[in-house]
Amino acid sequence: MEFHPKSEAELAEVVAGLQAPVRVQSGGTRAVGSVVANDVLHLGGIAGVVDYEPGALTLVAKAGTPLVEIEAMLAAEKQRLSFEPMDHRVLLGTKGEPTIGGVVAANVSGPRRISVGACRDFALGVRFVDGMGRVVKNGGRVMKNVTGYDLVKLMAGSRGTLGAMSEVSLKVMPVPEVETTLVLHVTDAAQAVEAMSAALGSPYEVTGAAQSGAVYLRLEGFAPSVAYRLEELENLLGRFGEMERLVAAASAKVWTDIRDVRAFAEQDFVTRVSLRPSDMSAFLAAAQAEHSFDAMLDWGGGLAWLATDKESLGGFAQSFCAANGGHATRVKGAFEACAFQPEAAGVARLSYGLRQRFDPKGLFNPELMARG
Amino acid sequence: MQMPVPNPVTLAKKAKLTERLRAVLGKDGVISEEIALKAYECDALTAYRCPPMLALLPRTTKEVAAALRICHEMDVPVVPRGSGTSLAGGAMPTADSVILGVSRMSEVLETDYADRIIRVQTGRTNLSVTGAIEGEGFFYAPDPSSQLACAIAGNIAMNSGGAHCLKYGVTTNNLMGVTMVMMDGEIVEIGGAHLDSGGLDLLGLICGSEGQLGVVTEATLRILHKPEGARPVLIGFDSNEVAGACVSDIIRAGILPVAIEFMDRMLIGVCDDYSGAGYPDCEALLIVEVEGSEAEIEHQLGLIHEIAKGHNPVEFRKATSAEEAGRIWAGRKAAFSAIGKVSDYMCLDGTIPVSQLPFVLKRIGELSQTYGLAVGNVFHAGDGNMHPLILYDANKPGDLEICEAFGAEVLKLCVEVGGCLTGEHGVGIEKRDLMLDQFAPEDLDMQMAVKDVFDPKWLLNPAKVFPLASSEARRIAAE
């Protein structure tokens, strides 16, 4: 069965009447992992911007609102979603329209996550329907709010397993006047992480630090400020050899491609690994000893995208993360195993307990994030 | 302020409890003398006091676990405490509870400038986290006013903010991992030196949970390189409305100051008298601080000047030296001491959408007339976090009650215009009974369900955050 509620009230009614588990989906462009459910609960019909206050940097939108609509509205006021959400259609080859609810549900954050924070850091409020069909709200539409527990963070990244989101509030940010990217021709992973750490540990406010072939470092802001910081950064990183600058559209293109992991669009199996930057080169070396793959680094070396034609690398990455701290997700490929990093026993028990409370009948995306 | 009646069964366990806790914490780790317990009878919400049964001062995570395991077995409520600077009564004990303080756990465990993290024991004070890394040019961004005294444990419990969070975010945006001891003594690791969670964001849930879900003993924090410089500008206006419009225009122009602070006429006068800051005689004052190199600062201040000119400021005073910068901040930073010299006061902490500022200030003025108590306003204007200060006389019978009623009206007003009860101080006991003004019963039930998962016996700081009537069934069922 397919359910298409058009409002939060209809959603609550649908959920209250559910007899079997559902796949909760909005735009359906970020299908990572597998769900044990025959029915589908579509949230795309609950759409529309509820409130946008440019002077307060806040936006409230229903969960199914297309991202493209929100981005256009923000751009008209020279503002944006600063956490730079990835468009998964490029990598996964999915069709459909990404929605703001999907972005928040999967806590989708792009290259700028390293400087400004993740999607969850910009999520101010949420409304959702729990597994009993009750409408629950948390947070609000103001930037500073410590009233009660922060269920907004919990819902961000819960991938529809705790509730069906109907509305989100977000903090938005101004679009800077200019952006420029510094390109360092460094290919060795350890050296790349060292260069990115030096840049991110400087006072020059680097807003992107990635390695995809070369090392890319992004600066944004007012023109005189970017010009100044660029020069300082070049001085700081002189030891890493030849550099070049990319400005405006050329710079933007680099970061859109990194954000969307365009380089791996044609690959069969893609795994995403979050590690402490100083553990990254050891991880890559260990992985290379047993597997063959292509790698792309983001977040100053704290995030790796690994592409290969075999399934086994995902399991290797998850074992490494379990032993060293971090997490790996099988993002793309016909995987047998659960896509998400198995949690340590204590944490797994808490997560299980929360799912039991939010969704006691096990209706929402069963077995997506944890099995058994 | 109503608190649950102390449980006589629990009180009767004191001798046995003391003996068992001393066996794991040593004699000096368990404080039981009446006079010594006085130190733990309240936090910075000093209007309410109650000495605990015992105060525990463990030195390690293992000792915390051992102590909690005993309290769990003996069904004794535990109130975690950092430095006791909560303005909301978050660390206030009940007579049948034990205080668990982390003040003896203040070590730096690891510093890594390449990965830009520091790992500390949570009894360490906020300012001394920066103190440990500033030699290398780094700092820890969240800067609550109490940063000289407040502990990271309390910052995490309350998700503390500060004047500079417009740019750098609050505690939850700078917290990467914790070691947490559950009420039953189990030690869990959540997050770490890597970014984000592969599963549910439990770290985000714990931050701001007011010591009700677990006791955080170690924390991995994000650190940043200090900016090259920072400089404030002071702008005076002849009305609150115009000051509010100027804030909005600065934000819309794409400038991201580290701080935009607002003071009204009363606070301007009181702070100026106290600190000799030399503030202008006007209705509203903004202090806007920007960061960067000299040239970057000049450029941003130039843009701000252009915007401010459009609002006919009474005064636009740019700091040109560290000394002038210090003078501009002196009055604002002394605001609470300055007003404390004039009168007893209660500090509120609601947040409002910035656009509602003029309306809310006008309503607060009217309520001040109705209740017959003076009020001053100082707040973080960039993010709408207000701190109305209501003046009252603690020695005058009934005055505190009038002040509290006035405060409650103001907080309800914040909620009505689309804001919230507390922006950075937390709910504690202070705003507990207003929670149903902001949340529906189902909203609170969902939050309490989270506590059921983490602390099924409802022993950790049980009489806080939720209205007693809302949490009563759960607290009694757990007994």
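Predicted model: local features only at pLDDT ≥ 70, side-chain atom pairs only at ≥ 80, totals over all residues.

Visitor: What is the order of the strands in the open sheet of chain B?

Guide: Strands of a sheet pair through backbone hydrogen bonds, either parallel or antiparallel. In chain B, five strands form an open sheet in the order S5-S6-S10-S8-S9, and the pairing is antiparallel. The edges are strand S5 (108–112) and strand S9 (187–191) of chain B, each of which pairs on one side only, while the twist from one strand to the next averages 10 degrees.

Visitor: Over how many bridges do strands S8 and S10 of chain B pair?

Guide: Strand S8 (residues 175–181) and strand S10 (residues 215–222) of chain B pair over six bridges in the antiparallel sense, and Gly177(B) stands opposite Thr220(B) in S10(B). Helix H5 (residues 126–133) of chain B lies across S5, S6 and S10 of chain B, running at about 130 degrees to S6(B).

Visitor: How far apart do the C-alpha centres of the two domains of chain A lie?

Guide: Chain A is divided into domain 1 (2–174) and domain 2 (178–259), whose C-alpha centres lie 31 Å apart. Their contact takes seven residues from domain 1 of chain A and ten residues from domain 2 of chain A.

Visitor: How many residues of chain A are in contact with chain B?

Guide: In chain A, 73 residues are in contact with 76 residues of chain B. On the side of chain A that touches chain B, the largest share, seven residues, comes from H13(A), and the residues of that side divide into 31 nonpolar, 26 polar and 16 charged.

Notes:
Residues numbered from 1 in each chain as written. Chains lettered and ligands numbered in written order. Contact = placed C-beta atoms within 7 Å. Helix = DSSP H or I, 4+ residues; strand = E, 2+ residues; numbered from the N terminus. Nonpolar A, V, L, I, M, F, W, Y, C, P; charged D, E, K, R; others polar. Domains from an automatic or database assignment. Pairing = 2+ DSSP bridges. Axes fitted to C-alpha atoms, helices over the stretch in contact; angles between N-to-C directions.
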